[in-house]
Structure formats: C-alpha cells, structure tokens
Amino acid sequence: LVKKPDARVFLYGTWETGKTHFLAAVYLYWSWKSDKVLYLDDKKLRDELLDAELKNDYGYILGLVKDHNYIFLDDVGNVKMSEFHRMALYQFFNEIYKNNKHIFITANNSLDELAKEEYWGGAICRRIQSLCQIVEF
C-alpha cells in the first residue's frame, strides 16, 4: 500500500490499530499533490447524506465525486442507514467506480458486517469490493 499511494483501499480492523493514522498519512500525501482531495468522517458523510435527503436529490451527493479525484472516508459504517441514504451512498460509490476516482476507506467493521441491511447493505459492499483492495489492519 505504501508503494502504491493511489491504490483504492478499504481498511478495516478493531479500534486503536492505526487505521486513521495511516489514512491521514495518505491524505497528507495527496493533499500536497492535488487540490481535489475530500476527507469525510462518518459524521460528515451522514450530514452529506442527510442534506441529499432533505433536498430529495440523489445527485447532490454525486457532486462530491465530480469535484474530487481523491476521496477519504474515515471510520465509516457505524450508523444504521435509511433506504434513501443507502441509495445515495450506492450512487456515490458507483460514480467513483464509473469515473475511476480514488477512494480510501477505514472502518471498524468488515464488509460482511457492513453488508447487513441495517447498515450499508449488500449492493454497496459489493461495489466497494469491486473498487477496493480489502485490507484487514
């Protein structure tokens, strides 16, 4: 991973293993090289999804992808999601996939856990599997 700082990565593991510190180092690397870098933690991601829901606009969240080449999502997946949020999040990851953007994700839970319907659901996790190298940290 260190030799390929542009790899798409989903890092998961128990808390206090250094996932966020690793993500911060990769974020710093890309923020020095590009101004098209976005960092969202779980709360900020939820806020963006809520804004999209309030506007009843799935496309709102896609603007985040369009405007950024490197997207960092830190400590995500801990909150139960509505169906609207799942649909918007799927479109978000699908847009990253279609436009060959770079994504770096950290989570305490594995994709198997996040695939449960009360969390992200199977469709989102399958899209992440097709996007990312999955690494247990």
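The structure is a predicted model, in which local features need pLDDT of at least 70, side-chain atom pairs count only at pLDDT 80 or more, and totals for chains, interfaces and linings use all residues. Residues are numbered from 1 along each chain as its sequence is written, and side-chain values use heavy atoms, with hydrogens and water left out.

The protein has six helices and five strands (DSSP runs numbered from the N terminus, with helices being H or I of at least four residues and strands E of at least two). Along the sequence they follow the pattern β-α-β-α-α-β-α-β-α-α-β. Of the 137 residues, 46% are buried, meaning under 20% relative accessible area with a 1.4 Å probe, protein chains only.

Helix α6 spans residues 122-131, and its buried residues are Gly122, Ile124, Cys125, Arg127, Ile128 and Leu131. These pack against β1 (9-12), α4 (83-98), β4 (102-107), α5 (111-114) and β5 (133-136).

In contact here (heavy atoms within 4.5 Å) are Arg86, Leu89, Tyr90, Phe93, Asn94, Ile96 and Tyr97 of α4 with Ala123, Ile124, Arg127, Ile128, Ser130 and Leu131 of α6.

Terms used. Buried < 20%, exposed > 50% of the residue type's maximum accessible area, 1.4 Å probe, protein only.
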